[in-house]
Amino acid sequence: MTLDPSQYRQLRFDRPADKVLRITFDRPETYNSLDETGHRELAYVWRDIDADSSINSVILTGAGKAFSSGGDFGMIRSIIDDHEARARAWKEARDLVYNVINCSRPIISAINGPAVGAGLVAGLLADISIAGERARIVDGHTRLGVAAGDSAVINWPLLCGMAKAKYLLLTCRPIDGREAERIGLVSLCVPDDELQDRALETAVSLAEGAQGAIRWTKYALNNWYRMAGPAFDASTALEMLGFTGPDAREGLEAHLEKRTPKFSGESPL
């Protein structure tokens with residue numbers, strides 16, 4: 001089975017080297033935000049990659065000045081207003097994480113510029129994450145008024161430790177590529193003009209390596225993520241529950257109006 005690029009509308013594919021597939025978020029006019037189509041494509045492309053024997057390694061990056069700015073406001077509005085859209089988004093968010101984890105091919109992310117939301121999920125779950133110095137990594141869930149779902153609970157504590165994970169996830173504090181490398185959230189940080197070359201060099205090295213050894217090592221290491229599955233499942237469910245409440249509506253309006261949200265200060269707990 002070979003991956004069919006014609007089946008994808010918001011992901012661009014090219015082959016920069018033998019056995020290397022590059023995926024590019026391709027909505028630079030919106031800083032590579034993901035609408036419902038893009039969200040679905042990102043969730044399920046990993047299954048097609050896993051079934052394609054012509055691919056030994058994958059690069060994920062963004063077109064233009066951003067890696068990905070996450071779900072667009074239209075998608076977030078649908079999740080807030082519509083039960084079916086919310087249930088669909090929950091399933092795709094869950095499938096995205098497990099499909100990246102279970103994809104046997106090593107994935108290298110080249111994180112250029114802002115990285116948020118579902119794009120950041122794939123970027124930080126990548127087996128080797130390389131950030132440019134001007135990358136801007138932020139998990140903005142609590143500022144939107146919902147629990148930090150996506151993938152943060154499954155991997156951030158393992159990558160940078162519980163103390164840093166809580167600080168960044170509860171405060172929504174953005175960090176650049178150098179700080180992300182310092183705390184262990186990404187594998188490497190390189191000058192921005194070297195980012196794509198370093199990602200390709202790494203992908204080629206993996207594509208030319210012992211495939212069984214590389215894929216089995218990835219599988220074994222990712223059991224750490226699989227063991228965290230129950231915590232992750234709870235986080236995504238609580239995120240979606242949050243979208244039914246008033247804080248999510250206020251969070252979205254604050255984003256649209258570019259102001260500080262005024263949350264109620266009350267909690268159902």
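Me: Is Thr202 buried or exposed?
Reply: This is a predicted model, in which local features need pLDDT of at least 70 and side-chain atom pairs count only at pLDDT 80 or more, whereas totals for chains, interfaces and linings use all residues. Residues are numbered from 1 along each chain as its sequence is written, and side-chain values use heavy atoms, with hydrogens and water left out. Buried means under 20% relative accessible area, exposed over 50%, and partly exposed in between (1.4 Å probe, protein chains only). Because its relative accessibility is 15%, Thr202 counts as buried.

Me: Which residues is Thr202 in contact with, leaving aside its neighbours within four places in sequence?
Reply: Thr202 belongs to helix α9 (residues 195–207); helices (H or I, at least four residues) and strands (E, at least two) are DSSP runs, numbered from the N terminus. Contact means heavy atoms within 4.5 Å. With neighbours within four places in sequence set aside, the contacts of Thr202 are Ile108, Ile128 and Ile130.

Me: In β7, what is the bridge partner of Ala110?
Reply: Two strands pair if DSSP finds at least two bridges between them. Strands β5 (residues 107–111) and β7 (residues 128–132) are paired in the parallel sense over four bridges. Within β7, the partner of Ala110 is Ile130.

Me: What is the order of the open sheet of six strands?
Reply: The edge strands of this sheet are β1 (11–17) and β10 (188–190), each pairing on one side only. From one strand to the next the twist averages 25°; axes are lines fitted to C-alpha atoms, for helices over the stretch in contact, and angles run from 0 to 180 degrees between N-to-C directions. The pairing is mixed, and the order is β1-β2-β3-β5-β7-β10.

Me: At about what angle does helix α1 run to β2?
Reply: Helix α1 covers residues 36–50 and lies across β1, β2 (20–25), β3 (57–62) and β5. Its angle to β2 is about 170°.

Me: Which strands does helix α4 touch?
Reply: A second open sheet, of four strands with mixed pairing, has the order β4-β6-β8-β9. Its edge strands, each pairing on one side only, are β4 (68–69) and β9 (175–176). Helix α4 (residues 117–125) packs on the sheet with its direction at about 95° to that of β6, and the strands touched are β4, β6 and β8.

Me: How many of the nine residues of α4 are buried?
Reply: Among the buried residues of α4 are Gly117, Leu120, Val121 and Leu125. The helix is largely enclosed by the rest of the structure, because the buried count is nine of the nine.

Me: Is Asn32 buried or exposed?
Reply: Asn32 is placed in the loop between β2 and α1, and its phi is near 60°, a positive value in a residue other than glycine. Tyr31 also has its place in the loop between β2 and α1, has a positive phi of about 55° and is partly exposed at 44%. Asn32, with a relative accessible area of 1%, is buried.

Me: In which helix does Asp233, the salt-bridge partner of Arg94, lie?
Reply: The side chains of Arg94 and Asp233 meet at 3.4 Å, N to O. Arg94 is partly exposed at 27%, and Asp233 is partly exposed at 25%. The pair ties together parts 139 residues apart in sequence, because Arg94 lies in helix α3 and Asp233 in helix α12.

Me: How many salt bridges does a search of the whole structure find?
Reply: One of the pairs is Arg22 with Asp14, whose closest N and O atoms are 2.7 Å apart. Salt bridges that share partners also join Glu250, Glu257 and Arg259 into one network. For the whole structure, the number found is 15.

How values were computed
Salt bridge = Lys/Arg side-chain N within 4 Å of Asp/Glu carboxyl O.
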